[in-house]
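Please examine the sequence and the structure shown below.

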Amino acid sequence: MQFLVYILAYPLLWLISILPFRLFYWFSDFVYFIIYKIVGYRKKVVSANLALALPHLSDTERKDIEKKFYQHMCDMFLEMIKTMSISSEEMEKRFKVTNLELVNEYAKKGKSVILVASHYASYEWLLTINPKIAFRGIAVYKKVANPYFDKLVRKIRSKYDTELVETRKAIPTMAQNQRDGILSMYGLASDQSPKLDRIFHSMKFMGVEVPVHTGAEMLAKKYDLSVVFVKVNKVARGYYEATFVPIADNPHDYENFDITEKYLREVEKQIYEAPEYYLWTHKRWKHRVE
């Protein structure tokens, strides 16, 4: 059954990926109409999240953000499909990095890096930076249940020579690379809710006390990795700009959880600037700490 679903879906995904951009975004508008207006995919979750995280805004303002979010979400996930066929030249025009020299400076110092991202703007297209950095690019990801779609996701995400490593294999991979002296950049998105059995700390995120992921900080201290946040802005429809923000050059200089705190404050600033580009469909605040 999983294979049948895959072989039925793949031709459609391929056709979507080769659409000219004008038609591509018309199709995204159609998907938005279906997902938001008819299906109402996770509208209750999105509405509750916006009310909790942005209580200072009026109902009308939050409703406007909600609509813009769904439009962006449809664009973003279709843009991931677009990666199947988009040329490197076209991608170069649509996803720019402002300060590559910052991360490549770490490589000159012989320091590997943990790149902490958030589920904001185009986090999928972040994988295109790999050819531009002086590291082995490694993205830590959660395996897709359907093995055929997992293979497709791996193929799409590794198009730009990014190595994908499942979450459970992240620590052994870091340990091996350290032993072999391989300079690496490990990409993690750490702004979502951790599993209950992996909760070690909580802090305020968007004004609400919640459990937080501390894995990036723990790994940075364990393997002496510098920590850098990547801030992705949506410049226009289909165009993005990424900027690296240093979080911790030497992680052992920081008290426990201070690095995690700095990272979350950067994510918050980004959300407050343009909340419509954050992934509000996730149940980020489901485990609130009273």
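In this predicted model, tryptophan 280 is in contact with Val45, Val46, Asn49, Leu50, Ala53, Leu54, Phe69, Ile271, Pro275 and Trp285, leaving aside its neighbours within four places in sequence. Trp280 also belongs to the largest nonpolar core, which has 88 residues. Within that core, the residues that touch the most other members are Phe95, Ile114, Phe205, Phe244, Trp280 and Trp285. Helix α4 (residues 59-82) supplies the largest share of the core, 9 residues.

The description now turns to the sheet. Seven strands form an open sheet with mixed pairing, in the order β1-β9-β8-β2-β5-β3-β4. Its edges are β1 (95-97) and β4 (163-166); each has a single partner strand, so one side of each is left without a neighbour in the sheet. On average, neighbouring strands of this sheet are turned by 30° against each other, direction ignored. Strands β8 and β9 (residues 239-248) run antiparallel and are joined by 9 bridges. Alanine 236 has tyrosine 239, in β9, as its bridge partner.

Helix α9 (residues 215-223) has Ala216, Glu217, Leu219, Ala220, Lys221 and Tyr223 as buried residues. The elements covering them include β2 (113-117), α8 (170-180), β8 (226-236) and α10. After α9 comes aspartate 224, with a positive phi near 55°.

Helix α10 (residues 258-273) contains glutamate 266. Is glutamate 266 buried or exposed? Its relative accessibility is 18%, and therefore glutamate 266 counts as buried. Not counting residues up to four places away in sequence, glutamate 266 touches Phe229, Val245 and Ile247.

Key: Residues are numbered from 1 along each chain as its sequence is written. This is a predicted model: local features need pLDDT of at least 70, side-chain atom pairs count only at pLDDT 80 or more; totals for chains, interfaces and linings use all residues. Side-chain values use heavy atoms; hydrogens and water are left out. Helices (H or I, at least four residues) and strands (E, at least two) are DSSP runs, numbered from the N terminus. Buried means under 20% relative accessible area, exposed over 50%, partly exposed in between (1.4 Å probe, protein chains only). Contact means heavy atoms within 4.5 Å. A nonpolar core is a set of buried Ala, Val, Leu, Ile, Met, Phe, Trp, Tyr and Cys residues joined through side-chain atoms within 4.5 Å. Two strands pair if DSSP finds at least two bridges between them. Axes are lines fitted to C-alpha atoms, for helices over the stretch in contact, and angles run from 0 to 180 degrees between N-to-C directions.
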